[in-house]
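Please take a moment with the sequence and the model shown below before reading on. The paragraphs that follow go from single residues to the whole chain.

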Amino acid sequence: MNAELFRMLKRITPEEKSALDGQKNVQWSIYTDQPQQNVIEYEKLMTENRLITARKHTRFVYFPPHRHNYVEFFYVLSGSITHRVEGKKLVVGSGELLFMNQHTEHEILPCGADDLAINLIIMPAFFEEVREMVGKENILAEFMVNVLQREESIAQYLYFPVAADLCIQNLAENIVYSILCRQHNEERVLSISMGLLFLHLLNVAEQVQIPSEHTNANMLILAVEQYIHDEYRTGTLSELALRTGYSAPALSRLIKKHTGTTFKELQAKRRMEQVVNLLRDTDQSINEIAVSVGYENQSFFYKRFQREFGMNPGEVRQKLRSHTG
C-alpha cells in the first residue's frame with residue numbers, strides 16, 4: 001500500500017475517537033437526516049455536486065442493517081472487515097473489493113485499528129463514461145455496469161476476492177488517492193481509472209461472487225445482451241427463446257422485469273449505436289446504413305432515428321464529423 005495513503009487512513013477520526021471513548025453506536029446524523037429509514041444518503045456525504053467521493057470506513061463501530069441511495073464500492077486496504085450482505089456473511093480481506101448497488105441491505109461488524117477500508121460513494125451517472133470505455137464490445141463489462149446502475153429495487157452486489165492481483169490493487173488505490181488528494185483533472189483521471197479497473201476485473205470474472213438467488217436471472221440477461229449485441233440486425237425474440245429454453249412470452253416478461261424495457265427496444269438501441277458508428281466512420285449513404293443494421297423500411301428508420309436523437313441522420317453525421325475533424 002502507498003505509505004502516504006496508509007498514514008492518512010491510519011489517523012483516528014473524531015468519529016472513531018468517540019467510539020474508542022465509549023460511543024459504540026453509529027452517529028446517524030453524519031449519514032442521514034432520516035435515521036429511522038436506515039438509508040445512508042449521498043447528500044450527507046457528497047459535496048460540490050460531485051459524482052464520486054471517498055470516505056474512510058469508520059472503525060470500532062457496528063453498522064446495523066442499512067442501505068444507500070448511491071452505489072458503494074468498498075475496498076479493504078489492510079486487515080479484513082466482515083459484512084453481512086442480504087443475510088450472507090462476507091469477510092472482505094486486504095486487496096478485495098465489494099460493489100453494492102443502491103438497494104443492497106448490509107451490516108458491518110466492528111473492526112480493529114489495523115483494519116483499513118475505503119467507501120467510494122458513487123452516483124450511477126458516473127458509470128456512463130465507464131460504459132463508453134468498456135461496454136462497446138464487451139458485454140460482461142457492460143453487464144457489470146448495468147448491475148450497479150439499475151434503478152429498479154433489486155438488491156445486488158459483486159464481490160471480488162482478488163487479493164493476489166496487484167494490478168487491481170494498484171488501480172483501486174490510485175482511485176482512492178486521486179479522490180482524497182484532489183489531483184489535477186480528477187474527474188477524467190477517475191473515470192479512466194475506473195474503466196481500467198473494470199477491464200482488469202474482467203480478467204478474473206470467474207472469481208466474482210453474486211447473490212445466488214439472482215444468478216440465474218443475471219446469466220439470462222447476460223445471454224440476452226450478448227445475443228442482441230451479435231444478432232442486432234436479424235435477431236428475433238423467438239430465436240432467442242429457442243436458444244435459452246424459454247417460451248417467447250415468458251422470456252419477454254423476464255426481459256421486461258430485469259431490464260425495465262423490451263427485447264425490441266434493446267435491439268433498437270443496439271441498432272442505433274451501430275448507425276452512429278457508421279455515420280461517423282464510413283461514407284455509406286444513410287439508406288445503405290439503415291439497411292445494413294436491419295431497417296428495410298426507410299420511413300420507419302427515419303422516424304426512429306429522429307425520436308432517438310432529435311435530429312435527422314445527416315445532421316448527426318455532420319455534427320460527429322465536425323467534432324472529429
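Arg 243 is exposed in this predicted model, and the reason is that its relative accessible area of 52% lies above the 50% over which a residue counts as exposed. Arg 243 belongs to helix 9, which covers residues 237–244, and once the neighbours within four places in sequence are left aside, its contacts are with Tyr 227 and Glu 231. A further reference point in space is Val 224, which stands 19 residues from Arg 243 in sequence, with 9.9 Å between the two C-alpha atoms.

Where does the side chain of Arg 270 reach? It extends to the backbone oxygen of His 229, at 3.3 Å.

Helix 11 also holds Val 275, for which the relative accessibility is 1%, so that Val 275 counts as buried. Not counting residues up to four places away in sequence, Val 275 touches Ile 289, Val 293, Phe 301 and Phe 305. Ile 286 lies 11 residues from Val 275 along the chain, and the C-alpha atoms of this pair are separated by 8.8 Å.

With a relative accessible area of 46%, Lys 24 is partly exposed, and its side chain reaches the backbone oxygen of Ala 19 at a distance of 3.2 Å. Which residues does Lys 24 touch, not counting those up to four places away in sequence? They are Ala 19, Phe 60, Val 61 and Tyr 62. Lys 24 and Phe 63, although 39 residues apart in sequence, are 9.7 Å apart when taken from C-alpha to C-alpha.

Most residues other than glycine have a negative phi. Asn 38, by contrast, has a positive phi, near 55 degrees, and it is partly exposed, with a relative accessible area of 30%. Phe 60, one of the residues touched by Lys 24, likewise has a positive phi, near 70 degrees. Phe 60 sits in the loop between strand 2 (52–56) and strand 3 (63–68), and its relative accessible area of 14% means that this residue is buried.

One further loop, between helix 1 and helix 2, is the place of Thr 13, which counts as partly exposed at 26% relative accessibility. Thr 13 and Lys 56 are 43 residues apart along the chain, and their C-alpha atoms are separated by 9.2 Å.

The next step is the meeting of two helices. Two packed helices are described by the angle between their axes and the distance between the axes. For helix 1 (residues 3–10) and helix 6 (residues 166–181), the axes come within 11 Å and cross at roughly 60 degrees, and the crossing is left-handed. Helix 1 brings Glu 4, Leu 5, Met 8 and Leu 9 to this meeting, while helix 6 brings Glu 173, Val 176, Tyr 177, Leu 180 and Cys 181.

Cys 181, named among the residues of helix 6 that meet helix 1, counts as partly exposed at 30% relative accessibility, whereas Cys 111 is buried, with a relative accessible area of 8%. How many disulfides does the model contain? The count comes to zero.

Finally, the chain can be viewed as a whole. Its secondary structure comes to 14 helices and 10 strands, and of the 325 residues of the protein, 47% count as buried. Among contacts with a separation of 6 or more, 72% are accounted for by residues 24 or more positions apart. The protein exposes about 15,700 Å², and carbon and sulfur atoms supply 50% of that area.

How values were computed
Residues are numbered from 1 along each chain as its sequence is written. This is a predicted model: local features need pLDDT of at least 70, side-chain atom pairs count only at pLDDT 80 or more; totals for chains, interfaces and linings use all residues. Side-chain values use heavy atoms; hydrogens and water are left out. Helices (H or I, at least four residues) and strands (E, at least two) are DSSP runs, numbered from the N terminus. Buried means under 20% relative accessible area, exposed over 50%, partly exposed in between (1.4 Å probe, protein chains only). Contact means heavy atoms within 4.5 Å. Accessible areas come from the Shrake-Rupley method with a 1.4 Å probe; for residues, only the protein chains shown count as cover. A disulfide is a pair of cysteine sulfur atoms within 2.5 Å. A polar contact is a pair of N or O atoms within 3.5 Å; within protein, one must be able to donate a hydrogen and the other to accept it, and residues adjacent in sequence count only if both atoms are side-chain atoms. Axes are lines fitted to C-alpha atoms, for helices over the stretch in contact, and angles run from 0 to 180 degrees between N-to-C directions. A crossing is left-handed if the near helix is turned anticlockwise from the far one by less than a right angle, and right-handed if clockwise.
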